[in-house]
Amino acid sequence: MEHYLINSSICLFALWLFYKLAFENTSWHHLKRYFLLASIGISIVIPFIVVKTIVIPIETNSVMNFTSSSVVNEIARQQNFEFNWSFILWTTYGLGVIIMLWRFIKNLKAFRIGDEDELKIYSHYQLVLRNALIVPHSFLKRIFVSKNQYEENLIPTAVLEHEKAHLDQRHSLDILFIEILLILFWFNPLFYIMRYSIKLNHEFLADQAVIQHGIDTATYQETLLNYTQNSHSTALANTFNFPIIKKRFYIMKTQTSQASLISRSLALIPILALLIISCGKEETEFQEIEEILEIEEVVDDNHKTEIIEVYEVLENLTPEHIEEYNRLAIKHKNYMDANNNLIVFKDETQHMQTIFHSMSEEQQSSNEPWPYLGRDNDLKAGQIPPPPPPAPSAIEYINEHKNELNYYLREDQIPADVAIKIINEVGQAGVEISPDDKGVMSIKILETESNKGTLPPPPPPPVKSKTVSEKEFAEYNDWAKKNNEQNRAAKQNDNNGYAIIKQKDFEKYESIYDRMSTSQKSEAQPLPTLPPPPPPAKDIKQISNKEVEEYNWLLNRHREFLKNEKRIVVFKEDTNRMIQLYTLMSVEQQSKNQAWHYLYKENKVKAKEILPPLTA
């Protein structure tokens, strides 16, 4: 935040200084008005413009551990007595905002029409006559003057025309804009300077409008002098007697040429470019490659084994990084919940992993959990799924599922051997593996620009008999009637007495039924349906959820002991119980829980010698 305030203030000061030197004493008052307002907007925007991104790779080879150091304890003890400077600064800022807001509302209330005020019309604006002796001033659609002076004709027409010019050009909107900014940036003196310059330029504009209206310059200047001894009105109003009378007299007589306007405007271009380059946002990305060691050791008389995993981490972890991690973790979780499968988003998943490994254990536990945990996989916190294996080629897929596939050349079904021969001769360009209209996975050889002209012509359509003989018709009817009656009885009795139909017989009579004419099919028995498949055998072998929790507790206890002691250990009944529970698990339960053998994978031979025998 402090960098933004500094850069924004530098931009605002530079633009205001350019205005003072190049524009203030010119006669282009309308241009100056828009320049001053635009300067505020430009100074707010420029610090957000990213002009440069620096990527600094840092490699570290060692990580120091101060966990047990007395220095850390001393630092922690000292931090307990530090003042919360952030709280003090924000409290001070908040008090300033409240005071400025109260001042703003108080000034606004001064423009309400009171019970003692008298209203008249001047041009198409309200003329508010007040009993108090006040300097003529204006705000939004109203002009405020002293009632006694107005009734005694002591207020010249030039004064009213001056205030009318303020209202015609809507100067009150500029004042409201800068006053609202002062509520938020009350601590920045540059906004007070800008407010002064804006209000002074408003007077230049109103003076110019009065003179262009036909009032003599000398007479107007004399009227202006008569009001210089009176005090200011409210800060939100445009008042007739705004100070620096000598400067206003000088500006009334100034006429600036068009050539001078163009030359001074062109000088603004390099200034803006320099401000963008010097005050624009410069992003620095530190990419630190650090070895994070996760070591599992098994020590015996002969060897020592270390398993090391390497991750990329950030050097400077910011709250923005943690916010980005939480957003990505929620995105991954929602997608996997909706689609019920694991997903990896190209660059985003890697970035999420980098931020996660850059956080401390406390930060990891207090933010969104790692989204891949608890999804029937062996991934640990911070790990991502491996990339899927490459899709098999058409020939490899055919070799694995040859008898389960349908084969098509263009849109015509062909035998498997013919399809394999065509693919071997022409190549796999244009070969698609996808379900056909019947939902059966199929090999489809499609015609493309690369294989056009090399594919064989489509096979001739098979000649099918339109009718079947009376002998085949009678044979089919006898067979179908017998099986249909048996299936109907099994369905009514809700038992498994369905007809047992050989695949060879079914294909034979299905072919006869397909060759029947429409009239023959109307007289024939319907083609029998195959009996439903038997229900799958239930896996009766499993343990209760409470026993699963017991198993995992025992497994974690063994793991922690092995990790700390770096030697094989057996806990009498506990080890035996852990092995027994895993043996009694169903296949599904074993797939969801880590196998106990993992604990001893580095020294299976010695483990086999000292582990207790498996008991029922």
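Which residues of H13 are buried? They are Ile322, Tyr325, Asn326, Leu328, Ala329, His332 and Met336, where buried means under 20% relative accessible area, exposed over 50% and partly exposed in between (1.4 Å probe, protein chains only).

## About the model

This is a predicted model, in which local features need pLDDT of at least 70 and side-chain atom pairs count only at pLDDT 80 or more, while totals for chains, interfaces and linings use all residues. Residues are numbered from 1 along each chain as its sequence is written, and side-chain values use heavy atoms, with hydrogens and water left out.

The chain has 24 helices and twelve strands; helices (H or I, at least four residues) and strands (E, at least two) are DSSP runs, numbered from the N terminus. Of its 616 residues, 36% count as buried. Among contacts between residues at least 6 apart in sequence, 68% join residues at least 24 apart, a contact being heavy atoms within 4.5 Å.

## Helix H13 and its cover

Let us return to the helix of the opening question. H13 covers residues 319–339, and its 21 residues reach 30 Å from the first C-alpha to the last, close to the 30 Å expected at 1.5 Å a residue. That expected span is 1.5 Å times one less than the number of residues. The cover over the buried residues of H13 includes helix H14 (346–358) and helix H15 (361–366).

Arginine 327 also has its place in H13, but counts as partly exposed at 41% relative accessibility. Its C-alpha atom is separated by 9.2 Å from that of methionine 352, 25 residues apart along the chain. Just after H13, asparagine 340 takes a positive phi of about 55°.

## The H7 and H8 pair

Two packed helices are described by the angle between their axes and the distance between the axes. For helix H7 (residues 171–184) and helix H8 (residues 189–212), the axes come within 10 Å and cross at roughly 175°. That makes H7 roughly antiparallel to H8. Here axes are lines fitted to C-alpha atoms, for helices over the stretch in contact, and angles run from 0 to 180 degrees between N-to-C directions. Angles under 35 degrees count as roughly parallel, over 145 as roughly antiparallel, 65 to 115 as roughly perpendicular and the rest as oblique.

On the H7 side, the contact is made by His171, Asp174, Ile175, Ile178, Glu179, Leu181 and Leu182. H8 brings Phe191, Tyr192, Met194, Arg195, Ile198, Lys199, His202 and Leu205. These residues divide into nine nonpolar, two polar and four charged. In this grouping Ala, Val, Leu, Ile, Met, Phe, Trp, Tyr, Cys and Pro count as nonpolar, Asp, Glu, Lys and Arg as charged, and the others, Gly among them, as polar.

## A four-stranded open sheet

Now for some strands. Four of them form an open sheet with mixed pairing, in the order E10-E9-E12-E11; two strands pair if DSSP finds at least two bridges between them. Strand E10 (412–413) and strand E11 (431–435) stand at the edges with a single partner strand each, so one side of each is left without a neighbour in the sheet.

Strand E9 (residues 406–409) pairs with E10 in the antiparallel sense over two bridges, and leucine 409 has aspartate 412 in E10 as its bridge partner. E11 and E12 are also antiparallel, over five bridges, with isoleucine 445 in E12 as the bridge partner of valine 431. Their hairpin has five residues between the strands, and there glycine 439 takes a positive phi near 85°. Helix H17 (residues 416–426) lies across E9, E11 and strand E12 (441–445), at about 45° to E12.

Histidine 401 belongs to helix H16 (residues 394–401) and is partly exposed, with a relative accessible area of 23%.

## Positive phi in two loops

Most residues other than glycine have a negative phi, and most peptide bonds are trans. Arginine 410 has a positive phi of about 60° although it is not a glycine. This arginine 410 is found in the loop between E9 and E10 and is partly exposed, at 23% relative accessible area.

Serine 123 also has a positive phi, near 55°, and sits in the loop between strand E2 (118–122) and strand E3 (125–130). The hairpin of E2 and E3 has two residues between the strands, and serine 123 is partly exposed at 43% relative accessible area. Five bridges join the antiparallel E2 and E3, and isoleucine 121 has glutamine 126 in E3 as its bridge partner.
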